[in-house]
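Dear colleague,

Please find the structure below. My notes on its sheet and its nonpolar cores follow.

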Amino acid sequence: MFRTTSIIACLLINNMLNAQTRKEVPQKVDRPVIAVKYNNSSSKEPLSPKKLWELGRVNAEALSADGSQLIFGVSNYQFEENKSEKNLFVIPIIGGEAKQLTDSPGGESVLQVTADNQVLYLHKGQIWKKSLQSSEAKQLTDFEGGLENVKLSPDGKYILFSKSVLLKNYHSVDKYEDLPKSNVYIYDNLDYRHWDTWNEGKFNHPFIAKFDDGKISEPKDIMEGELFSSPQMPFGGAEDYTWSADSKSVLYVAKKKFGTDYAVSTNTDIYQYDLATAKTSNLTEGMLGYDTNPQFNKEGDLLSWLSMKTDGYEADKNDIILFEPESGRKVNLTEHWDGTVNSYTWSKDNKKIYFTAPTKGTVQLFEINVEKGVWSKLAYTVKQISKGDFDITGIVGETKDGLIVSSTKLTHAAEIYFYSFKNKELKQITQVNNANYANISETKVEARITKATDGLDLFSWVIYPPDFDPNKKYPTLLFCQGGPQSATTQSYSFRWNFQLMASQGYIVIAPNRRGMPGWGVKWNEQISKDWGGQSINDYLSAIDDLAKESYVDKDRIAAVGASYGGYSVFMLAGVHEGRFKSFISHCGLFDMESWYGTTEELFFANHDLGGPYWEKGNEKTYLDFNPMRHVNKWNTPILIFQGGKDFRVPIGQGQEAFQAAQLKGIKSRFVYLPDENHWVLSGQNAQVWQREFFGWLSETL
């Protein structure tokens, strides 16, 4: 529910440990300090909030037809306009100078690269075409209302795209025509609002039309009249669609439930629409959890998708399913692997599937052999193929010698790299932010192992200030991750940025507490129905262990976090017994009863909390593990951030916590962001957020 995953996005979002057989206990990890060249040069300056937002945000788009060139996008934030501008670039994968491909205001995204290296891309809702060798761009379409989530058929004769369709208007003006100045929403079901939007009867639908060099015929709504969305709301995109290799059918992802049924379920299915017969079939009927990201192999005779088993459990183990349409045979390729999949892609020769997954505080590359016609589960062996203190955040494509991937570190934003099959190493291709980082003081990052209260090994990342001196004492921040089943890895955030925190003079510890993927299925599941139990103990164990170091100033320790991390801050405020001198909570859950009654995705609350507060057996969740019940022990300064459009953790949670702190006479501050949802997306609001964040720490530590 709270995972930003990818989507986050990304999608918003499912991940665990690499192991051939299930391990109940995470193994001790021996890690060296990350290889960062330490430079005390006075010419370098600490990372600041403004410098952070001056970094280019890099994303890979596509490879050229022969695989020799990479097309990538760079988004740059413009402070005066309070918006980002994205342009496309091309660079040889062997490295070299990048050439700018587009420069028109509005941003571009690649749709496909043709065999003769014509780049088809989307710009302001229309399709444009440009050669990699030419400076001239040609607009192909002029479709009224613009196009979204476009997928062109393999034969180039059809176009698939999404469009918002008004099917049922909840606005009272349409119900009571004699009261035209009324402004009322009337609902008979849940799902009346989702994420940051009220339901006004609009649904995303996939449309198909004939496509001839930009000319689009009358589109056909292949979900006509259905009160469901595809792509999924609120974060689904073009990954929810795919064409069959013969261009005769379309696959799409949808949760075909409405109202209250929609709010309590994660049961998305993959549907196949046949162009010739206009008939739709459900390929995943009987599979009750999330089924997403359908992909055919290059020959089109095998289909794969990601699947979770349990309805209502959004952080369930995410497996790769292999399906043979001709025979109807199906197998779970990762069933016996003790991990969870982030994203995947087929190899060019159809013999392997490459995927990314969290493991031991990082996200790495894995592969699994898929030999055609072999259906014994014993034939499928998961193998980790990359290793290091970095995250692999996406797979762009494959060359004969390796993979093109995007990667981050805690101290470096995303760039594109070549991963060599032979050397098992990453080689940087894009260098968008190299010059910026050359002028930023480096921060040391270490792995640390702590014994948890139940005797298991607890892994944490520790980030130190520039020019760290172990003979000095430093204020220290305990970072509490959201999710709750979200990994703390080598990712790079433009808000909760550990390098930025360390650059302001703080030591930061980020534990991989219970509930985080990358340490086995059991470790990940242990947090469900135990929000205020072992995971909170893990946080206390991590900070107590670090506080033993002479360089930690025990009188200047704070806990900070968002979402479940914000809940953790509220819980710690009532149980910390003097450990912390300051707290910061962003969109945290304060009263579990009122939260259950106002959040919109009830499937999450039903699974992770055990169900409604009025049912017997849930007393521990709503009493012992309810931060509101521990306010009598609050005595520490606290800063509370809250978004006005946050329907996941509605505004009342932050208001209740602030009111309690004020009435108890505790130094407290409420920062209300009326235009933000569960995140902070506006650049200028983000700058205010950082100033308030560090200003509060300066005041209270």
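Gly 561 stands opposite Ser 585 of strand 37. Strand 37 (residues 582–586) pairs with strand 36 (residues 552–562) in the parallel sense, over five bridges; two strands count as paired if DSSP finds at least two bridges between them. Strands (E, at least two residues) and helices (H or I, at least four) are DSSP runs, numbered from the N terminus.

This is a predicted model, in which local features need pLDDT of at least 70 and side-chain atom pairs count only at pLDDT 80 or more, while totals for chains, interfaces and linings use all residues. Residues are numbered from 1 along each chain as its sequence is written, and side-chain values use heavy atoms, with hydrogens and water left out.

An open sheet of eight strands runs in the order 32-33-35-34-36-37-38-39, with mixed pairing. Strand 32 (445–451) and strand 39 (668–673) stand at its edges with a single partner strand each, so one side of each has no neighbour in the sheet.

The largest nonpolar core has 101 residues, of which Trp 634 and Phe 693 touch the most other members. Such a core is a set of buried Ala, Val, Leu, Ile, Met, Phe, Trp, Tyr and Cys residues joined through side-chain atoms within 4.5 Å, where buried means under 20% relative accessible area (1.4 Å probe, protein chains only). Helix 8 (residues 564–575) gives the largest share of this core, seven residues. Another core, of 18 residues, lies apart from it and includes Leu 333 and Trp 346.

Yours sincerely

Terms used: Buried means under 20% relative accessible area, exposed over 50%, partly exposed in between (1.4 Å probe, protein chains only).
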